[in-house]
Amino acid sequence: MKLLIASVPWTDTQSPLMAPALLKTMCVNAGIPTVAFDLNQEFLHYVRSKYSIEEQKNLQKFFYNSSKNIERSQIKDCINFCVDRILFHNPTHIALSLLSYTSQIFCEWICFKLKILNPNIKLIIGGAGVFSTLESKNNLGEKLLKEKQINYFIKGDGDITLPELILKKHHKIKGVNESNWQQVDNLNNQPFPDYSDYKFNLYKKKSIGIVGSRGCVRRCTFCDIHEHWKKYQWRNGEDIFKELVWHNKNTGIRKFKFNDSLINGNHIEFKKLMKLLAEHNDANPTNTLHWSSFFIFRPQSQITEQDWIDISKSAEILTVGIESLDQDVRFHMGKKFTNKDMHYCFDMCAKYKIKVNVLLIVGYVTDTELTNRNTIRWFDQNKHYVNAPIFGVSFGGTLGILPGTEIYRKQKELGIVLNNEQFDHNWSLKNQNNTPTIRLRWHREQSDACKKAGFNVTSLVDNFLLMEQMMQ
Amino acid sequence: MKIKFKIKTNECNGFFVLKILDKDMKTIANPKFRNGINDCNLELLLPNCLHFHLSGKNHKRDTIVDPISKKIIKDKSLQILDIEVDGKRLNKNRIAKMFTLETEDKNKINSAYWGFNGCVKWSLDYTDSLELHLDNLE
């Protein structure tokens, strides 16, 4: 028996994807010979070295939405590269990890090719990407299982389920080939992810992924995280700190990227972690440890100036889902911080040199021409935040409505008219001027104003592809 | 490469006679149909070319038209409903457009519904089934 675990492209990242490393350690602990590597990064490296920027864009487009007019031999080459890398290890079992829906088409063709080349290999897929559907009504796992392209799909905590499944510990395992699954009770004192099969020379950003929590303490109306993680779970500060030190000792890596929805969901444990890191960094000026993570802004009563000082000792970039610069829109979203809180946090970050990456959604259900104008004005009035602390502003495309979210459930009440049932970006509001065309204009106007004010504007390629699709 | 066809047959004074030949014009299937939906499984090497030879239809006798409504009420015909290549289905919309039947009197009909004697050629100029799938995405 030999298990191979790999991440499935295409995820635009310069950092290692953590899932294979985390799964490996659990499987090795269960006595399963396992290789785990970041196929996504190896593939990105291959594609970047072989194809032009235009070809890469077209390939990504294909793997995003099966778009036509793309050189088929290049697609085949990409699939074959991945399949060859997997089969090189002669596995008996293959577990493919999908971070998001942008891996679905790739996964489908990798599984197809693997099944042809070796029908006896047991194929398992898992990860949030299996279940965040873009267009299909069924999840990818159910679809591929029905087509006999895979043997199993796993929903939920694969780190527990995968070894049980490989070793066939039980006849029926919760979360295997079904949507019901049980979240693990305790994230503390688990073995740490094993990155030993990763090629660290491929990463521009040499960092290690960390899980400090699962789930989220907020219930933002547009987010479906609670569909995946029913309850919020966290690790204590000491346990996380131990892991950071352990990786640093084993790999020399000093930068860590939290894969959590937010690092400071449990504020008490977060403060403990910050204190430990601050002490470590003060005591080890030549081997300081740093992290970046999603982060939530909180009122001054919850994050004091001393807390910001501690954070500044180790934080590299805080990615903050501000999502709207309009307080009323933000409150409707379920974000619980006022404009005053937001400016306090920005000011503290500027004062203590903490970089912030701001995430914004354009065209929320309560957005109007007025909120669009206010947002445009905000950039101009807050130029002083350019680079200190706002290092980047990321417009995550226009609002897409996902099944399993509050706005999806309240669509009638909110007057939302959906165009399709799955992650709909083409929705409109009844009798109101909030349509896909208007949202695209707001997106353009806001990003232009943001750039004009001097902010660094970033956007993921898949958002561009989505918007291109909306324009057609 | 394994191909599985799901073929719907409509009977009218018997069924169409279908013969499937490969690129060397060797008969590789001669399915015996029953009314309704039939499976036809093939195993072939790529690249290849399939020739579907249709015969046995008398066009005067084997298409029955309602004299009042002028609608066809019974017709000897075949329809390719589904194709699975190495276990994976081709897109249905694509199947509807991918075949051209050349009738005995040299007319060309682009459809997966075959109601005339003649021949359908399906060129499989691929090195593997992945290529075939990628070439036939909707």
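Me: Two residues count as being in contact if their C-beta atoms, placed from the backbone, lie within 7 Å. With that in hand, what share of the contacts in chain A with a separation of 6 or more comes from residues 24 or more positions apart?

Reply: The model is a predicted one. In chain A, 77% of the contacts with a separation of 6 or more join residues 24 or more positions apart. Of the 472 residues in this chain, 45% are buried.

Me: How does one read a nonpolar core, and which residues have the most contacts inside the largest one?

Reply: In soluble globular proteins, nonpolar side chains tend to be buried together. The largest nonpolar core here has 120 residues, and those with the most contacts inside it are Leu23(A), Leu96(A), Cys107(A), Ile110(A), Ile124(A), Ile125(A) and Val356(A). Helix 5 (residues 104-117) of chain A is the element that gives the most to this core, with eight residues. Both domain 1 (3-166) and domain 2 (207-471) of chain A supply at least three residues each to this core. A second, separate core comprises 21 residues, among them Leu54(B), Leu78(B), Ala112(B) and Trp114(B).

Me: With which residues is Ile110(A) in contact, leaving aside its neighbours within four places in sequence?

Reply: Those contacts of Ile110(A) are Val8(A), Ile79(A), Cys82(A), Val83(A) and Leu96(A).

Me: How does one read a sheet, and in what order do the five strands of the open sheet in chain A stand?

Reply: Strands of a sheet pair through backbone hydrogen bonds, either parallel or antiparallel. In chain A, five strands form an open sheet with parallel pairing, in the order 2-1-3-4-5. Strand 2 (34-37) and strand 5 (152-154) of chain A stand at the edges with a single partner strand each, so one side of each is left without a neighbour in the sheet. Neighbouring strands of this sheet are turned against each other by 20 degrees on average, direction ignored. Within it, five bridges pair strand 3 (residues 93-97) with strand 4 (residues 122-126) of chain A in the parallel sense, and His93(A) stands opposite Lys122(A) in strand 4 of chain A. Helix 8 of chain A packs on the sheet, where it touches strand 1, strand 3, strand 4 and strand 5 of chain A; the direction of the helix makes about 155 degrees with that of strand 5 of chain A.

Me: Is the pairing in the six-strand open sheet of chain B parallel or antiparallel?

Reply: The pairing there is antiparallel, and the order of the six strands of chain B is 3-2-5-13-10-11. Strand 3 (27-29) and strand 11 (108-110) of chain B are the edge strands, each pairing on one side only. On average, neighbouring strands of this sheet are turned by 30 degrees against each other, direction ignored. Strand 2 (residues 17-21) and strand 5 (residues 48-55) of chain B run antiparallel and are joined by five bridges; Val17(B) has Ser55(B) as its bridge partner in strand 5 of chain B.

Me: How is an interface read, and how many residues of chain A are in contact with chain B?

Reply: The size of an interface is often given as the accessible area lost when the parts come together. Counted by contacts, 13 residues of chain A meet 10 residues of chain B. On the side of chain A that touches chain B, helix 4 (72-87) and helix 5 of chain A are the elements that give two or more residues. Helix 5 of chain A gives the most to that side, with five residues.

Terms used. Residues are numbered from 1 along each chain as its sequence is written. Chains are lettered from A and ligands numbered from 1 in the order in which they are written. This is a predicted model: local features need pLDDT of at least 70, side-chain atom pairs count only at pLDDT 80 or more; totals for chains, interfaces and linings use all residues. A residue is buried if 20 or more other C-beta atoms lie within 10 Å of its own, exposed if 12 or fewer, and partly exposed in between; C-beta atoms are placed from the backbone. A nonpolar core is a set of buried Ala, Val, Leu, Ile, Met, Phe, Trp, Tyr and Cys residues joined through C-beta atoms within 7 Å. Helices (H or I, at least four residues) and strands (E, at least two) are DSSP runs, numbered from the N terminus. Domain bounds come from an automatic or database domain assignment. Two strands pair if DSSP finds at least two bridges between them. Axes are lines fitted to C-alpha atoms, for helices over the stretch in contact, and angles run from 0 to 180 degrees between N-to-C directions.
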